[in-house]
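This briefing concerns the strands, helices and pocket of the structure shown below.

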Amino acid sequence: MRIIAVDDERIALTGLESILRRTMPQAETAAFRRVEEALAYAAHTRVDVAFLDVRMREMNGLSLAER
């Protein structure tokens with residue numbers, strides 16, 4: 001399973017990534033603070049689950065989910 005987490009706040013992203021890695025150690029987890037990096041990753045990698053911050057500077061999480 002591949003999981004991505006996207007949040008522009010470093011502390012929130014670090015905490016979420018830590019929880020995901022502890023609770024699902026068998027999953028491949030990738031964390032991004034920049035929307036462009038998450039989009040580039042998802043363009044060439046199948047993503048099963050995405051945890052997206054709803055309010056981000058570059059693009060909100062709902063718009064990101066649509067893309």
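Strand β1 (residues 2-6) pairs with β3 in the parallel sense over 4 bridges; strands here are DSSP runs (E) of at least two residues and helices are runs (H or I) of at least four, numbered from the N terminus, and two strands pair if DSSP finds at least two bridges between them. The model is predicted, so that local features need pLDDT of at least 70 and side-chain atom pairs count only at pLDDT 80 or more, while totals for chains, interfaces and linings use all residues. Residues are numbered from 1 along each chain as its sequence is written, and side-chain values use heavy atoms, with hydrogens and water left out.

**Sheet**
- I4 has A50 as its bridge partner in β3.
- β1 also pairs with β2 in the parallel sense, over 5 bridges, and V6 stands opposite F32 in β2.
- The strand order of this open sheet of 3 strands is β2-β1-β3, with parallel pairing.
- β2 (28-32) and β3 (49-52) are the edge strands, each pairing on one side only.
- From one strand to the next, the twist averages 15°, where angles run from 0 to 180 degrees between N-to-C directions and axes are lines fitted to C-alpha atoms, for helices over the stretch in contact.

**Helices on the sheet**
- Helix α1 (residues 10-23) lies across β1, β2 and β3 and runs at about 180° to β2.
- Helix α2 (residues 35-44) packs on the sheet and touches β1 and β2 (contact means heavy atoms within 4.5 Å); the direction of α2 makes about 150° with that of β2.

**Largest pocket**
- The largest pocket is lined by I4, A38, L39, A42, A43, V47, A50, L52, L64, A65 and R67; on a 1 Å grid over the protein atoms alone, a pocket is an open set of points where a 1.4 Å probe fits, with protein on both sides within 12 Å along at least five of seven lines, and lining residues have an atom within 4 Å of a point.
- Two or more lining residues come from each of α2, β3 and α3 (61-66), and α2 gives the largest share, 4 residues.
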